[in-house]
2 protein chains.
Amino acid sequence: MPLPIAVLVSGGGSNLQSIIDTIEEGVLDAEIKLVVSNRARAFGLERARNHGIPTLVLSHKDYRTREDFDRAMVKAIHDHGVSAPHGAVVMAGFMRIVTHELLAAFPDRVLNIHPALLPSFPGVHGQGDAADYGVKISGCTVHFVDEEMDHGPVIIQAAVPCNAGEDGDELGPRILKLEHRVFSQAINWLAQDRLEIQGRHVHLKVAGIPLADAPRADVEPSCCALVCPPLEEGF
Amino acid sequence: MPLPIAVLVSGGGSNLQSIIDTIEEGVLDAEIKLVVSNRARAFGLERARNHGIPTLVLSHKDYRTREDFDRAMVKAIHDHGVSAPHGAVVMAGFMRIVTHELLAAFPDRVLNIHPALLPSFPGVHGQGDAADYGVKISGCTVHFVDEEMDHGPVIIQAAVPCNAGEDGDELGPRILKLEHRVFSQAINWLAQDRLEIQGRHVHLKVAGIPLADAPRADVEPSCCALVCPPLEEGF
């Protein structure tokens, strides 16, 4: 049975699109039961509707506390057939700090993607902060969510080169290409029950699945990337 | 004329050894005029003596303040023919915070190497802190030194994979292999006058020098690395 997931978005949802695409390609063994946004105008909602996926807008302004908001979100997710221990929640550009209410309902089943090599550059401006700092290498991180922002155990990271003089708008798209690949990969490992958390370390169980050729054709040689653990076939 | 440098060490000095080796191979166009250590037993001193390089022990315990210590060090370095604007100071595992006394004597001419992808994991336990955090990618950073620890503008970074369950002793040697290559490369760029600092960004001037084949033979395919800017021939 495919992994039932709810995807949380606040914005454009290009990571949601890549999840949809890899599911439709038969690469990612998951089913999006619900897309939740805290913003009615999030383009991610339209992406979901285009693929017949149920959507829900929950405005955080309608809730007194973060906990109240999260309780309403958990109820909606449960109502759409996504619950622990099998279901999972995927934060794909969701610009809200989540609380114990969500995490207790989905223990070790909430994933987030962040556009920097955590613990460097947490927060909402990962790409711009990295560019401004002048790092030569940045990237993205998929991690389990805990109650600290951008902090939980790391599942996969991808590193890309940064060029002197670049700003976040130039660096961002290079990172985003990798986000699309590593996020679906991480969700698929969860779907395959191959992730094991031991303290801060996430172990990946072996499955005899061939590794992807690295880099893939859509990553130019001049923009090579380091991905760890390596991407498997299809991602 | 080769770049006159002073190298500061506190410990084993394997990065010093790689600088010595790449100079002797004719790859790095520099000359080590003096090796300074704040510890009499630093093995780095023996490495220097083995190659006929002058050494000096300055115990920080003999100086009342960090500034006094740095003034004595600057005097010794000057006395050995290394001074701004042409000379440079290279911190190769030097476990002391340097002060304005050194930095004012060598403006934009003090380099440091750190065994992590700064700004992640500054401080004296870069490898262990990264391993404990459970990152999937770590690495090393060569940067210009400013008055904040592990903070100045970044010249080059190298990223390597980290494996779940590893500690700093397992991760460290994988990073160290890259340290040896990127540090000599960065010093050579300085020797070639190809580094230009603009705010936080270090620009590398083009020189038409072929890039090294990446990865080199001493980096196993299973332990590939991402280096930016790319290593040039010989490094």
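This is a predicted model: local features need pLDDT of at least 70, side-chain atom pairs count only at pLDDT 80 or more; totals for chains, interfaces and linings use all residues.
**Salt bridges and the A–B interface**

Across all chains, the count comes to 12 salt bridges.

Take chain A to begin with. Here A:Arg71 pairs up with A:Glu101 in a salt bridge, and the closest N and O atoms sit 2.8 Å apart. The two partners come from separate helices: A:Arg71 belongs to helix 3 (residues 66–79) of chain A, while A:Glu101 belongs to helix 4 (residues 100–105) of chain A, so the bridge ties together parts that are 30 residues apart in sequence. How exposed are the partners? A:Arg71 is partly exposed, at a relative accessible area of 40%, and A:Glu101 is partly exposed too, at 27%.

Over in chain B, B:Glu101 and B:Arg71 meet through their side chains in a salt bridge of 2.8 Å, N to O. B:Glu101 sits in helix 4 (residues 100–105) of chain B and B:Arg71 in helix 3 (residues 66–79) of chain B, so this bridge ties together parts 30 residues apart in sequence. As for accessibility, B:Glu101 counts as partly exposed at 27%, and B:Arg71 counts as partly exposed at 40%.

Another salt bridge in chain B stays inside one helix. The side chains of B:Lys75 and B:Asp79 come together at 2.8 Å, N to O. Both residues lie in helix 3 of chain B, 4 residues apart, which is about one turn of the helix. B:Lys75 and B:Asp79 are both exposed.

A:Glu232 is found in the segment after strand 10 (226–228) of chain A. Which side chains does A:Glu232 touch through polar contacts? One is A:Trp189, whose side chain makes a polar contact of 3.2 Å with the side chain of A:Glu232. Another is A:Arg194, joined side chain to side chain with A:Glu232 at 2.8 Å.

That leaves the place where the two chains meet. In total, 34 residues of chain B are in contact with 34 residues of chain A. Between them, chain B and chain A bury about 2,700 Å², and 65% of that lies on carbon and sulfur atoms. Within chain B, the residues that lose the most area to chain A are B:Tyr133, B:Lys136 and B:Leu226, which together make up 27% of what that side buries.

What kinds of polar pairing link the chains? The count of salt bridges between chain B and chain A is 0. Polar contacts do turn up, though: 13 residue pairs between chain B and chain A are in polar contact, with both residues at pLDDT 80 or more.

Which parts of chain B make up its side of the interface? Helix 5 (126–133), strand 7 (154–161), strand 9 (201–204) and strand 10 (226–228) of chain B each supply at least two residues of the side that touches chain A. Strand 7 of chain B gives the most, with 8 residues. Sorted by type, the residues on the side of chain B that touches chain A come out as 22 nonpolar, 7 polar and 5 charged.

Terms used:
Residues are numbered from 1 along each chain as its sequence is written. Chains are lettered from A and ligands numbered from 1 in the order in which they are written. Side-chain values use heavy atoms; hydrogens and water are left out. Contact means heavy atoms within 4.5 Å. Buried area is the accessible area (1.4 Å probe) that two parts lose on being put together, summed over both. A salt bridge is a side-chain nitrogen of Lys or Arg within 4 Å of a carboxyl oxygen of Asp or Glu. A polar contact is a pair of N or O atoms within 3.5 Å; within protein, one must be able to donate a hydrogen and the other to accept it, and residues adjacent in sequence count only if both atoms are side-chain atoms. Ala, Val, Leu, Ile, Met, Phe, Trp, Tyr, Cys and Pro count as nonpolar, Asp, Glu, Lys and Arg as charged, and the others, Gly among them, as polar. Buried means under 20% relative accessible area, exposed over 50%, partly exposed in between (1.4 Å probe, protein chains only).
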